[in-house]
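Please keep the sequence and the structure in view while reading.

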Amino acid sequence: MQRLKQKATVEVAASAGQKNAKPAKVNSQPPAPVLQQPLGRGKVRYDRKAESEFFVDNSALAGFTGERILYMAVRELIENSLDSCESSHILPHISLSMKMLDPANDMWLISCQDNGIGIPSDKVPVAVCSFLTSGKYVEKQQRGLFGVGLKMIAAFSTKDTDHPLKVWSKSEEEKSEHYFELRTDIGTNKPIVLLKKTLKADESRITSDSGFRVEAILRARLSPITKSKIYDYISQTSIVNPYAVLEFETDDGKVMFDRRTTVMPQPAKEVLPHPSDMDLMTLKKAITNFMNQKTTLQGVLSGSFQKLSAEKAKEIIKNAGLENKPADKYDEHELIEIVKVCKKTKFHTPNTDHLSPIGEEILTVGMTSEYTIVTSREPQAGTKEKAEQGIEDAGNGKMVAAGNPTQPQIAVKILRPALTAYSSKTCVVNNRPTIVECGIAYGGDIGSFKIFRFANKIPLLYDEGSDVAREVVSEVEINKMGISKKEVKEQFANPEAKSDRAVELLPLHIFFHVCSTKIPYKTAGKESIASEGELKHYMKSCLSDLYRKVSAQIRKELRMKEAQSRLNLYKYYIPLIVGAISESIKVDSIKLEQAFTELAEKHVTGEIAGAPVPEKEDAITGKRIEEEAGEEKGANIEVNKGKVSAEQIAAKSAKPNPPRSRQVKEEVAKVKATVPKGERANPVEKLKATWKGEKKTAKQATGQTSLDVYSAAGDKKRSKR
Amino acid sequence: MPATDKRHQEVIKKIKLIMKDVSADLMDQKVLPVLDVPKVGYDNTIWSEEKRMLTIGDKTARISPDSTKKIPTFAQYLVMANAVRKLLDEEMESTIRGMYYATLSTVGDEKNKQKFWNSQENSDDAIKAVELLTGVPREEFSVTSKPKGMISGPITLRVGGDLIDCSLGSRATSQLIPTNIRDVEIVDVKADFVMVVEKDTVLNNIRKSGFIQKYNAILMTGSGEPDRATRMMVKTLNEEWKMPVVVFADADPWGLGIALRYKIGSESLSYDSDRLVTPDAQVLGMMFSDIYRYNIPEVARLAASEEDINRAHDMKKKPWFQDKKWQKELNIFLEHEEKCELDAFFKHGFKYLAETYLPEKLREAGVI
């Protein structure tokens with residue numbers, strides 16, 4: 001009671017403050033002047049804020065924060081344009097321009113034109129300026145959902161500049177082009193139409209059958225980081241929209257992303273909500289829709305939700321312990337019971353007609369011709385040709401360059417991977433049907449690792465570290481690709497790599513696309529997806545599928561790479577080996593090098609082909625060298641002593657060349673019995689025997705030498721004793 | 001003169017044979033050659049009960065220019081073999097570090113430059129491979145290491161033709177044991193036994209006390225990890241000159257390890273144990289029990305590190321440590337987790353080590 005009383009006094013105080021004014025609701029004037037009146041101590045005033053004012057004050061909610069204003073503007077404009085084209089299955093052609101207008105005051109002119117369905121002229125001012133007014137509040141997948149983006153641009157333009165927002169619209173229905181100059185009344189969330197006119201043919205800006213063009217002046221700063229994010233955003237948008245032509249013009253030049261396919265994804269259809277996602281609000285809304293028809297609750301349920309037959313509806317009402325009566329005859333408590341029962345009841349999985357995945361065909365086109373914007377930093381020094389040459393060398397791809405050669409200029413580079421693969425899964429996350437798509441592109445022009453994240457076809461560029469995709473990639477073991485971490489680290493050791501995770505050393509691009517009417521974003525900025533519920537599980541299984549799909553090819557690629565690096569090694573090391581040999585023995589070093597190189601190449605190509613390389617059986621061992629040395633020595637001794645059999649001598653003289661290793665072996669086998677035992681010992685044994693076994697010979701030969709000296713003297717001493 | 005050295009000729013001949021075999025494989029047989037080199041190290045070392053020493057097992061590494069990893073290794077072995085041949089042809093000698101510098105080069109082109117050796121360790125390995133392939137220890141092909149072993153006492157050596165009497169000046173200095181053992185000869189030994197200590201500092205102290213003269217002993221040290229020449233000298237004195245050999249090292253697992261280099265050998269030189277190891281050497285101290293028996297004050301004891309303890313646990317399991325006496329010693333160490341250096345005896349007075357501890361130990365062992 002005490003509290004209520006207090007509140008009442010506050011209200012009294014508030015109305016007392018505007019004693020002479022009419023009540024605010026009746027008055028068309030905004031309540032702003034009232035706010036300026038000082039309040040008494042301990043007094044609180046309750047005001048209503050216009051949506052526009054709320055969003056301008058809390059622009060971060062929509063992602064419009066200082067540094068990101070231009071980025072968000074680009075994003076919203078492109079997304080609106082794509083939605084507008086796709087809703088009527090028009091192949092999009094979008095031209096975006098972002099130019100510095102007044103560097104002293106950080107003024108930018110940003111414009112965007114599309115060939116979408118346009119907006120009927122009577123709806124244009126509200127659609128552009130009034131927050132939370134949108135044609136998109138339906139249960140289907142769209143890029144924009146909130147009806148905030150374009151309005152934000154209009155509001156910021158109004159707030160920071162005295163320029164109007166210029167809009168050209170040619171809607172499908174009207175076929176005539178209309179021009180508007182608009183500003184937003186931020187205090188009331190209402191458009192201010194400064195100028196509206198229907199354009200004659202010669203004034204027309206929109207050449208397509210229908211379309212929309214907007215030009216806004218914004219005050220914003222553009223840091224190099226944000227600039228590169230804008231480039232990334234446009235590049236990545238083109239990857240998942242390869243059926244769109246995107247033109248992008250900045251002060252650094254103009255680039256064009258070609259249309260690479262005319263296939264468009266099936267547009268999303270509007271569907272009824274799924275009953276497991278029902279809450280009191282959706283239920284009451286459904287009942288209100290049937291208000292005039294006196295429908296029973298059973299009818300409302302089966303008519304307003306998918307996967308809910310009349311029979312099932314009857315069962316639900318029964319399970320809630322209620323009578324079936326006209327829907328508007330239930331009180332809230334009873335309706336809550338219905339919701340509770342629905343949460344516990346099993347329904348068929350929701351259908352996915354309202355979702356619009358990219359699809360294997362389109363994503364594959366996007367992945368196999370991945371456009372990226374590159375900035376050439378060639379200063380005045382170089383000619384245009386030289387500048388282009390430079391990028392060509394670096395990118396090794398097709399160039400579409402334009403612009404002023406004296407400035408840092410942008411161009412488009414197309415990456416062509418060696419292989420791509422696609423996989424998708426349909427699942428239910430947060431009670432909403434969700435489609436997870438995953439693609440990977442490997443090798444070719446792709447030089448390094450990167451994760452691409454998309455939600456409802458919108459690239460997500462910030463906060464990658466906290467995104468579920470990052471977790472998925474680090475949790476799916478690379479050995480699913482049939483390669484080991486060790487192999488990867490050997491083949492792709494890269495001192496510049498930021499991470500030492502094996503997968504991130506691969507020249508691999510991983511694409512994730514999550515589509516759902518309710519993406520579990522981590523923040524209101526819609527930049528990263530939380531690792532919620534089943535989503536991660538499905539993403540992991542998608543990625544595992546892909547790793548398995550490409551494993552054979554990746555292994556082959558790795559073999560090729562290994563072979564290539566081996567060929568390089570041969571190139572470097574063969575001369576060293578040949579040098580060492582030819583310095584030691586008489587040999588035709590040119591022939592030897594040739595023979596070695598041929599053999600090496602044969603070996604490498606054989607291995608690429610996957611042919612088993614025959615293992616050399618007869619290795620050069622210490623034992624063999626010992627035997628060969630012993631053979632020569634032994635033979636000499638034998639000859640001197642005249643103990644060699646005629647057969648052995650014949651065998652020797654039959655061979656014109658000095659005995660080769662294998663031949664030596666055979667011979668050794670023959671002469672074995674006659675060779676002194678010490679000479680044929682195992683090399684290690686031999687090594688051990690060096691002191692004792694041979695010392696006598698050495699001593700006899702040279703008098704006194706070496707190691708045996710110790711023992712030679714030892715002999716002396718012993719003999720003394 | 002040494003060019004006619006038959007040993008050198010034999011090494012040169014063997015190296016040439018390796019080269020011939022490699023080129024024959026490449027040019028005539030049209031196969032990639034394989035060098036089959038015995039593996040050296042922990043996983044290919046076997047305890048031989050019969051010989052009472054660590055010996056090399058029969059595991060081998062097949063080095064062939066057929067993989068990214070082995071192409072450089074193969075080249076390294078051949079380049080090193082050729083360098084050894086050159087060294088012998090030129091009648092020169094070199095340290096292992098010298099061989100590293102002699103063969104140093106870069107490989108590859110401007111874009112992708114690599115070092116031929118990553119470190120001297122690689123070139124030392126290549127020298128080992130040449131030893132194993134030719135069956136000749138490196139001292140025989142004049143590749144030596146820096147001398148660090150020392151000797152003092154009634155022994156006469158002939159080094160490079162000149163006589164060196166190691167008892168001269170033995171109150172004040174010791175002789176370095178040359179590593180080019182081919183130039184060293186033991187001419188005469190007049191001692192009763194040989195005492196090896198771990199460190200040169202301890203040797204200096206004992207020598208200064210007149211120990212050599214009093215007990216007619218030869219004092220030796222390897223200054224920590226003994227080189228091959230020192231080990232060989234110890235072995236020769238024991239086996240050829242019938243000198244009893246006793247070893248004293250610090251009372252910690254590391255010191256014990258060094259003492260055992262003389263007695264049982266080491267993993268990294270297991271292929272050469274027959275030349276290097278003195279199985280009859282007696283490790284007399286410093287025992288872990290001596291820390292308490294001789295009341296080494298606590299300040300002079302050191303706390304055992306985790307590594308020491310792990311090492312001791314390892315040692316306890318080794319076949320050559322199954323003797324009850326050693327098991328007991330290791331248990332004492334593991335119980336107290338304390339270690340002690342021989343130098344700690346200086347706490348009892350500078351002459352205590354040489355005049356009390358060592359004679360007592362030697363008397364117990366029946367050496368004096």
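In this predicted model, helix α5 (residues 200–208) of chain B packs against helix α13 (residues 352–364) of chain B at an angle of about 95 degrees. Angles of 65 to 115 degrees count as roughly perpendicular, and α5(B) and α13(B) are therefore roughly perpendicular to each other. Their axes lie 8 Å apart. On the α5(B) side, the contact is made by V202(B), N205(B) and I206(B), which meet L353(B), A354(B) and L358(B) of α13(B). By class, five residues of this contact are nonpolar, one is polar and none is charged.

A second pair of helices in chain B has another arrangement of axes. Helix α11 (residues 306–317) of chain B and helix α12 (residues 324–336) of chain B have axes that come within 10 Å and cross at roughly 155 degrees. Since angles over 145 degrees count as roughly antiparallel, α11(B) and α12(B) are described in that way. Their crossing is left-handed. From α11(B), the residues D308(B), I309(B), A312(B), H313(B), M315(B) and K316(B) meet Q327(B), L330(B), N331(B), F333(B) and L334(B) of α12(B). This contact comprises six nonpolar, three polar and two charged residues.

Confidence is described here for chain A. The mean pLDDT of chain A is 75, with 72% of its residues reaching 70 or more. Within chain A, residues 1–35 have a pLDDT below 50, and this stretch has 10 contacts in the model beyond near neighbours in sequence. Residues 379–405 of chain A also have a pLDDT below 50; for this stretch, the model has 36 contacts beyond near neighbours in sequence.

Methods:
Residues are numbered from 1 along each chain as its sequence is written. Chains are lettered from A and ligands numbered from 1 in the order in which they are written. This is a predicted model: local features need pLDDT of at least 70, side-chain atom pairs count only at pLDDT 80 or more; totals for chains, interfaces and linings use all residues. Side-chain values use heavy atoms; hydrogens and water are left out. Axes are lines fitted to C-alpha atoms, for helices over the stretch in contact, and angles run from 0 to 180 degrees between N-to-C directions. Helices (H or I, at least four residues) and strands (E, at least two) are DSSP runs, numbered from the N terminus. Angles under 35 degrees count as roughly parallel, over 145 as roughly antiparallel, 65 to 115 as roughly perpendicular and the rest as oblique. A crossing is left-handed if the near helix is turned anticlockwise from the far one by less than a right angle, and right-handed if clockwise. Contact means heavy atoms within 4.5 Å. Ala, Val, Leu, Ile, Met, Phe, Trp, Tyr, Cys and Pro count as nonpolar, Asp, Glu, Lys and Arg as charged, and the others, Gly among them, as polar. pLDDT is the predictor's confidence in each residue, from 0 to 100.
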